[in-house]
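Work through the two exercises below with the structure in view, and compare each step with its solution.

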Amino acid sequence: MAFSRRNFLKYAAMSAGGTLIADTPFLSARARAEAEGGNVRYVPTSCEMCFWKCGAIAKVEKNKQGEDVVVKLEGNPLHPQSMGKLCARGQAGIGQLYDENRLKRPMIRTGERGDGQYKEVSWEEAFNYTADKLKAVIEKYGPESIAMLSHGSPGDYFTNLLKALGSGNIAFSSFAQCKGIRDAAWELTFGHKPGSSCERVDLKNSKVIVLLGTHLGENMHNSQTQEFAEAVGHGAKIICVDPRYSTAASKASLWLPIKPGTDTALLLTWMNIIISEELYDKAYVEQYTVGFEQLKESVQQYTPEWCAKETDLPEADIVAAARDLGRYAPNVVIHPGRHVAWYGNDAQRSRATAILNAILGTWGRPGGMWLPAKGKFASFNDGYPKYSDPAKDPVIKGDYPFAGGEGLTQVVRDTTITGQPYPIKAWFICGTDAMKALPDQRQTLKAIANLDLMIAVDILPSETAMMADVILPECTYLERHDGLFKVEVREAGVGLRQPAVEPMYDTKPAWWIASELCKKMGLADFAVKDSWEARMRRQATAWGIDYDKLADTGYVSLPDSAFPYITADNQPEFKTDSEKIELFSQKLEEHNFDPVPKYEPTDEPEKGMYRLLYGRSPVHTFSRTINDQWLWELHKENQVWLNKKEAESLGVKDRQYVRLENQDKVVSDPIQVKVTERIRRDCVYMVHGFGHNAPRLSRAHKSGADDQQLITRYKVDPITGGTGMRVNFVKIIKEA
Ligand SMILES: Nc1nc2c(c(=O)[nH]1)N[C@H]1C(S)=C(S)[C@@H](COP(=O)(O)OP(=O)(O)OC[C@H]3O[C@@H](n4cnc5c(=O)[nH]c(N)nc54)[C@H](O)[C@@H]3O)O[C@H]1N2
Ligand SMILES: Nc1nc2c(c(=O)[nH]1)N[C@H]1C(S)=C(S)[C@@H](COP(=O)(O)OP(=O)(O)OC[C@H]3O[C@@H](n4cnc5c(=O)[nH]c(N)nc54)[C@H](O)[C@@H]3O)O[C@H]1N2
Ligand code: SF4
Ligand SMILES: [Mo]
């Protein structure tokens, strides 16, 4: 392979350090290949190593056997999500493509669930088996007893299958375990989500950026990290609120090592200071918000003195930060965060973040939050029939009034265990490692044990996939068409995913797998008519886009779609009931929730225990990239961060292996200690995704320890159903 490991490590190390490298100028894949003499192809596509969907360009060469080989991945300079650069994970997509541990052929389980015994079968056999079992489940329990847990693009195709079958029990870990809580809270406040990929934060123009958690630089969402670096470069004040001295904290002018779980106290106190010192944007509040008087009255109780005690932060720092925000408003932003499933009262914390932004007037202001782009996409369903109503109401929202359409994975799981209000007996698991993504693995195992049928669609033999009765191997993103992707940055645009090489082994794209299953289930009307590429072309036509140009460049922007800031003739639209920003929420009050956020303390660790915190490795995505040969080389195992004074008192040395035992007596795999002053004394920290219990993943298996194993407790947010997962406590056990 022309792409050497040495070069990769060089690039990746640079991106891990925060500086990403730019690549060769690029305007047309065809022109570039021609200029290089035609022995090479360049294929613009979209990265799927995480969900930012950066525009990537795959360089493809022929090897000695005449086979196409992807030798390099680089960032597409035309694509606003990558801006010419890829992060380490993006560059290492080649490692996923050529991972010898990949699922290669469909498999049917031959042993007990979980013991890893399978036989390889043809697709025909796999489909017949799946269809027969699905029909049996439907006959006995009804179509609603089929559910799907998913994350990422494969789920889209199986959503079609499930809806066609008559089930609405579809849930994505990106809601309850991630950003759904925030989205619901911002919708309650602004009538809009704060953006998805990307969040609409105008970092590069910002004068003050507040990060609560949000560990940019470790959380490596490409364009956002680049903009953050730009902001740091031009001297923006960074206020980093984190119990740990994160990469972002190292760039900050003020690091606030907050006591975990007390962020809402800080946010409400900042509001009190900003309101009482009249530092808020009066005209903006007057024009665009409702409920200011109620807010003002409600936050008066949160004094800086009280806050200092509650958050364990210096009072002077609390006040100074509030004044900085006031001084530079509205060109400031409090980042809405992304993984916000922290303590079980997370929607109110997210509301507080939204409201603080609102009174500083950041929505629609340079350096604040840019306004949603105005590009219109014609609706397109390619002439497919309408789904009939699901046989029974989906259970995915539980009793949470603001749970949103993406569904609550843990509610599907609980229903599978209890059989109430009706049985769930079959699971599709598509592009999610449920054992790693959902808190309380004991419950996940219990639910799986209750299933009549478990179907996994994955690229790797993950722990969860290897419990399925039938495994349907998807090809990787570099081997498939996946559709046109709406890109919503300051402007609206379109990217796409198209294959760089043919699928290896006997793997297939998810669209094809779902489509063939539709046919087997007697739902041929819902099957893909011809090919996904043909469908993409029709969609491009419906959207008024030249598909060939898009395929040649990887990104097309919609003209005149960017109106990022408020002007006299570009007024913001708030899709709330009052059509204003709701500082006071009538809707929440109607559901007996605090209409203005209030502070609620969280449980404290007992003596000898530490709160377990977790976050991201900059060079891995969750658990999905640990086995990637390039990335594994960079980061093979996680460590547990322990404060130096605590380590001394426990007699624990740097790099010593220990185990962690949680409040429910669950003991982790061995993990190395990182003794550091960069973390508070009352908590420990580890990155998520390691500690695979998946023997067929030759590198990832038993590398490091799994945070999820220790997260046996979670506290559910009553507003949205999000699962707060930072409510677990661990002690250090020295014999590893
Ligand atoms: N490299 C990489 N980047 C990723 C991902 C990945 O897997 N790998 N995943 C992406 C996804 S889907 C998401 S959702 C995001 C998640 O990334 P973020 O949204 O940034 O996640 P957070 O949970 O906010 O951040 C973790 C940080 O919160 C700190 N923290 C812990 N407890 C508290 C607390 O009580 N208060 C405060 N203020 N801080 C606390 C931790 O010390 C840690 O530094 O990352 C995205 N980016
Ligand atoms: N303890 C703990 N739990 C967490 C988090 C945490 O930080 N700590 N983070 C939470 C957050 S923010 C999120 S967003 C979720 C993420 O949860 P998930 O997205 O479920 O994350 P992964 O564990 O990486 O599981 C991804 C699975 O998809 C498979 N996969 C990868 N690419 C493809 C593909 O192209 N096709 C198919 N079919 N499969 C593919 C991988 O092999 C892997 O089995 O986890 C949440 N849960
Ligand atoms: S941020 Fe990195 S991993 Fe995620 S899509 Fe972009 S290049 Fe790929
Ligand atoms: Mo996430």
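**Exercise 1.** Is the crossing of α10 and α15 left-handed or right-handed?

Solution. This is a predicted model, in which local features need pLDDT of at least 70, side-chain atom pairs count only at pLDDT 80 or more, and totals for chains, interfaces and linings use all residues. Residues are numbered from 1 along each chain as its sequence is written, chains are lettered from A and ligands numbered from 1 in the order in which they are written, and side-chain values use heavy atoms, leaving out hydrogens and water.

Begin with the axes: those of helix α10 (residues 263-276) and helix α15 (residues 346-359) come within 9 Å and cross at roughly 20°. The crossing of α10 and α15 is left-handed, a term used if the near helix is turned anticlockwise from the far one by less than a right angle.

**Exercise 2.** Describe how α7 passes α15, and list residues that make the contact.

Solution. The axes of helix α7 (residues 173-190) and α15 come within 8 Å and cross at roughly 45°. That angle makes α7 oblique to α15, and the crossing is right-handed. The contact (heavy atoms within 4.5 Å) involves residues of α7, including Ile181, Arg182 and Trp186, and residues of α15, among them Asp346, Ser350 and Ile355.

How values were computed:
Axes fitted to C-alpha atoms, helices over the stretch in contact; angles between N-to-C directions. Helix = DSSP H or I, 4+ residues; strand = E, 2+ residues; numbered from the N terminus. Parallel < 35°, antiparallel > 145°, perpendicular 65-115°, else oblique.
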